[in-house]
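Please read the following report alongside the sequence and the model. It takes up backbone geometry in loops, then salt bridges, then a surface patch.

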Amino acid sequence: MGDIDLGMEYVPFSDDEHTIAMTMERNGQLVSQFSGTYVAATGAILLDAQLIRFPAEIVNGFIPDHMFGLRGTLEGKFKLSGDTDRPVVNGTVRTDSVFIYSEMYNMNLRVQNKEFPINDSRFSMRDFTLYSEKNDELKANGTIDFANLD
């Protein structure tokens, strides 16, 4: 995974409103940044976030049982709003030379370089193409609603 450095700044504006800023670097390169406000009384958040040549393999640490892994880079800009119990995400994520692989399932799929919209915490795929090692295509269409992962 390399060297991960996190920087965070917290500034209380008042008894109720707070500002937050965070950066993440990997091996000395900025890969993500977040900034925004939080209102304690209501739990309301408004954050701007950016992925900057974000290494997809960082996500692997959050995938249970190493069922599959990612490599490549992600780019994106999005906003988080709503409250901390159910944040709403809007924006885009772009894949760049991303592969999905699994030793368990003997799988290595290349992901199409494409920008994907995220609207109201729903990741939409339209003609999302995965390629096998022999360049056979697998097309996916649909929506992943990560607002309700219960």
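Is Asn106 buried or exposed? Asn106 counts as exposed because its relative accessibility is 74%, where exposed means over 50% relative accessible area, buried under 20%, and partly exposed in between (1.4 Å probe, protein chains only). This is a predicted model, in which local features need pLDDT of at least 70 and side-chain atom pairs count only at pLDDT 80 or more, while totals for chains, interfaces and linings use all residues. Residues are numbered from 1 along each chain as its sequence is written, and side-chain values use heavy atoms, with hydrogens and water left out.

**Loop residues with positive phi**

Most residues other than glycine have a negative phi. Asn106, although not a glycine, has a positive phi of about 50°, and this residue sits in the loop between β6 (86-102) and β7 (107-111); strands here are DSSP runs (E, at least two residues), numbered from the N terminus. Asn27 is likewise not a glycine and has a positive phi of about 50°. Its place is the loop between β2 (17-26) and β3 (29-39), and with a relative accessible area of 46% Asn27 is partly exposed.

**Salt bridges**

The structure holds 5 salt bridges, a salt bridge being a side-chain nitrogen of Lys or Arg within 4 Å of a carboxyl oxygen of Asp or Glu. Among them are the pairs in this table.

| Pair | N to O distance |
|---|---|
| Glu57 and Arg26 | 3.1 Å |
| Arg122 and Asp145 | 3.6 Å |
| Lys139 and Glu137 | 4.0 Å |

The side chains of Glu57 and Arg26 meet in a salt bridge; the pair links distant parts of the chain, with Glu57 in the loop between β4 and β5 and Arg26 in strand β2, 31 residues apart. Glu57 counts as partly exposed at 23% relative accessibility, whereas Arg26, at 18%, counts as buried.

Arg122 forms a salt bridge with Asp145, and this pair too links distant parts of the chain, Arg122 lying in strand β9 (residues 122-131) and Asp145 in strand β10 (residues 137-145), 23 residues apart. Arg122 is partly exposed, with a relative accessible area of 35%, and Asp145 is partly exposed at 25%.

In the pair of Lys139 and Glu137, Lys139 is partly exposed at 48%, while Glu137 counts as exposed at 52% relative accessibility.

**A nonpolar surface patch**

Met67, Phe68, Met104 and Tyr105 form a nonpolar patch on the surface, together having about 410 Å² of accessible area. Met67 lies in the loop between β4 (44-55) and β5 (69-83) and counts as partly exposed at 34% relative accessibility. Patches are made of residues with over 30% relative accessible area and no salt bridge, like charges being joined within 9 Å and nonpolar side chains (Val, Leu, Ile, Met, Phe, Trp, Tyr) within 5 Å. Accessible areas come from the Shrake-Rupley method with a 1.4 Å probe, and for residues only the protein chains shown count as cover.

Methods. Helices (H or I, at least four residues) and strands (E, at least two) are DSSP runs, numbered from the N terminus.
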